[in-house]
Amino acid sequence: RHLATAGAYPSKTLGVDYNKQISVLETLKSKSQRPLTLTEKLLYSHLIVDGEREWDLEKIDRGKTILELRPDRIACHDATATMALLQFISAGLPRVMTPTTVHSDHLIISEKGAKEDLERATSEHAEVYDFLSSASRKYGIGFWKPGSGIIHTVIFENYGMPGGLIIGTDSHTPNAGGLGMLGIGVGGADAVDAMSGMPWELVAPKVIGVNLTGQLQGWTSTKDIICKLAGILTVSGGKGSVIEFFGPGTQTLGATAMATICNMSAEIGSTSCIFPYSPSMARYLAATKRDYVSQAADQVRDVLLTADEGSHQYYDRIIDIDLSSLEPHINGPFTPDLAHPLSELKSAVAGKDWPVELSHAMVGSCTNSSYEDLDKCRQLVRQAKEAGVEKFKVPFLLTPGSEQIRATTEADGILDELREAGAVVLSSSCGPCVGSWDRKDVEHKEKNSVISSFNRNFIGRHDSNPATHSFVTSPEIVTAFAYGGRLDFNPITDEVTGSDSSLHSKPFKLQPPVSQELPLHFETGIETYQEPPSDGSSFSVTVDPKSNRLQLLTPFQKWQPGCANNMKILIKVSGKCTTDHISPAGPWYKYRGHLENISNNLLISATNAFLPTLGHTKSPLNGEIGTVSEVARDLQAHRVRWCIIGDHNYGEGSSREHAALEPRYLGGTAIIARSFARIHETNLKKQGMLPLTFNDPADYDRIAEGDQISLLDVEEGELQPGKPVTMSVQAKDGSTWEAKLNHSFHQGQITWLRAGSALNHIKANTAS
Ligand code: F3S
């Protein structure tokens, strides 16, 4: 019945192609009658189907099969876009092949307030913004200038499409699930693949179904659903899975409220999070002037935007949550899965040495800065004012999610009422949520507690202070606590009293705010979007060669025969080695667009099996000890090839492509490990490196200081998919031994290796 409507939706207008998606699903379903979960529908309908690739539903093994997908859209923020765009430029393509946007939100430092902070950012980061703006113009990318808002909020307002698939270089990209769009956080290398028209690869995720029944009551909001779920699943319980909500409760929630859940699903390590299409999504689309999307979505609701009947038995796990009995939650400190129902927080606080007085209350971030969120805060401010309490008890920071939210809440008087209560309205950006906070009220390492409506509360996350105890909860609970002033406050049982300046107030109890889901009218605010021209070929991108923040990439040299002979060992890494060990963030953040400079951090936190000093190694040339990058540079200067020996799960953690770019840039040929994290292994291949694993993991232990390694069958015609490689090891005393190594290159990836990188391969193919 519904399939008959296929063909009616012009993909250009929608930003998604329902016709094509339905046709791919039809083909899949022609071979299997199995009902599909919503996650499967949205992912599998984006599979690349061509002569080379045929997909069989019965052969897709969730958790194992690698899907090759074509996302509808890509988004990058300013901290990740620099390297992504530099890589894209080096591919030599005239224009991105998939709609892409860049968002200026992470670099703005919060300090004094929106106006001053924006001025500071545009001056301090002028070079980066100019680069992003000019590259976006040239390569057909939409550029959202500083002040536009936070990446996920702007996507939600402008590009959120039920049934779509978006990848973003930020872990909270699942936010789009509040509009029924599958959002997945990826590394820059993945984004560049999709920008370049290459297939985007993802291991078929498992699906965790969450059944919502009942209706939210009183102080409880959707934030509490995800806070509770974090308590159940822990920070890693969603790994490799999409969290799929179902049940009658899903139809009672607002779109932005569902986005809050999807956004924070990143905190349980999930791949993504999705809600079925609902009337509130249609209301939101209409309010943001996209009725045409909801009209099309209405027609494909059953076939594409909801799970098939009977598919629940195919969930890998089901969790039930009764909204009617759910309590407000406050999670923390230091980890978002330390969940405390409000009724238990007081006793939890009593037993710990957490600072009880709150030092800051913060509302905002991409997680909780919708109109509804800020309107709830305003209602509490009104209640307090009526009771004679004029001001919050603790400093209160507020970040609107976007210029649209700022302008709308400004026009409706919400921001003014919050300012009168003492709120400092920051720019529409990430600010304290990502540590871009020039905090002055506490000393470094001074113990203090903050409460926020953000999503993440890892150690030092907001202010680089390891002694800041951070708790996450809903905006209304944050606001109530801003009046209570203490961590052991409970708005349900405790009264609020005025601060010293409002002695005329009588103790009173705050009542749960009744939310207004959407404004009567969304203001668009100041124009902050730079539309790319249809032809950007006449524009140029300039990067100052003397810049220490940006550096154009020079294509890596293609495979040099013999480069895997007589390799020195740069370092034998022992134990855990995440991408944070290989290329840490923190102070290195500012060099993300400068490969030469950021390469100074190569393996700076790694443990060397032969040395006690972290991040250091002994030069195989002269025996001197230096940082790993210093020794690598010296080997490179002497035209000596080298490799790295890794332990188990080398490169786990993030998909940060710098961790693969750096060893390649510094002249490395191979990484030989006991095992690799899958994404890092692929990233190494993309950069033209040889990731290999010991066939017998015990051979790792045989590698000794001063050994020299040759790979005997990796030259043209020798390296074949599925065929092991022989490693010959020459010890210092001249003795030799051989061992088998495995690899996971498929034929296409071998062409990347020969070309010097995947981007070189694209470039060569484009030119020919
Ligand atoms: Fe920014 Fe924090 Fe969201 S860093 S993208 S506001 S999670």
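**Where domains meet**

Mentor: Let's begin with a contact between domains: in this predicted model, 19 residues of domain 1 touch 18 residues of domain 3.

Trainee: Which elements give two or more residues to the side of domain 1 that touches domain 3?

Mentor: They are α4 (78-90), α8 (188-195) and β7 (200-203). Of these, α4 gives the most, with six residues. By class, that side of domain 1 has ten nonpolar, seven polar and two charged residues.

Trainee: How is the protein divided into domains?

Mentor: There are domain 1 (69-325), domain 2 (329-502) and domain 3 (567-767). Taken over C-alpha atoms, the centres of domain 1 and domain 3 are 33 Å apart.

Trainee: Now the ligand. Which domains does the shell around the ligand draw on?

Mentor: The shell takes at least three residues from each of domain 1 and domain 2. Around the ligand you will find Asp105, Ile150, Ile151, His152, Asp170, His172, Ser365, Cys366, Cys430, Cys433, Val434 and Asn455. Sorted by class, the shell has six nonpolar, four polar and two charged residues.

Trainee: And the sheet of six strands: in what order do its strands lie?

Mentor: Read across the sheet, the order is β6-β5-β2-β3-β4-β19; the sheet is open and its pairing is mixed. A strand at the edge pairs on one side only, as β6 (182-185) and β19 (529-530) do here. For a pair inside the order, take β2 (residues 73-77) and β5 (residues 165-168), which run parallel and are joined by three bridges. Within that pair, Arg73 stands opposite Ile166 of β5.

Trainee: Which residues have the most contacts inside the largest nonpolar core?

Mentor: Ala361, Leu570, Cys643 and Ala670 do, in a core of 215 residues. To see what such a residue touches, leave aside its neighbours within four places in sequence; Cys643 is then in contact with Met567, Ile569, Leu570, Gly668, Thr669, Ala670, Ile671, Ile672 and Ile709.

Trainee: Let's finish with a helix. Why is α23 described as largely enclosed by the rest of the structure?

Mentor: Start with the general idea: an α-helix has 3.6 residues a turn, so residues three or four places apart point the same way. Helix α23 (residues 678-686) is largely enclosed because eight of its nine residues are buried. The buried ones are Ile679, His680, Glu681, Thr682, Asn683, Leu684, Lys685 and Lys686. After α23 comes Gly688, with a positive phi near 85°.

How values were computed
Residues are numbered from 1 along each chain as its sequence is written. This is a predicted model: local features need pLDDT of at least 70, side-chain atom pairs count only at pLDDT 80 or more; totals for chains, interfaces and linings use all residues. A residue is near a molecule or strand if its C-beta atom, placed from the backbone, lies within 6 Å of it. Ala, Val, Leu, Ile, Met, Phe, Trp, Tyr, Cys and Pro count as nonpolar, Asp, Glu, Lys and Arg as charged, and the others, Gly among them, as polar. Domain bounds come from an automatic or database domain assignment. A nonpolar core is a set of buried Ala, Val, Leu, Ile, Met, Phe, Trp, Tyr and Cys residues joined through C-beta atoms within 7 Å. A residue is buried if 20 or more other C-beta atoms lie within 10 Å of its own, exposed if 12 or fewer, and partly exposed in between; C-beta atoms are placed from the backbone. Two residues are in contact if their C-beta atoms, placed from the backbone, lie within 7 Å. Helices (H or I, at least four residues) and strands (E, at least two) are DSSP runs, numbered from the N terminus. Two strands pair if DSSP finds at least two bridges between them.
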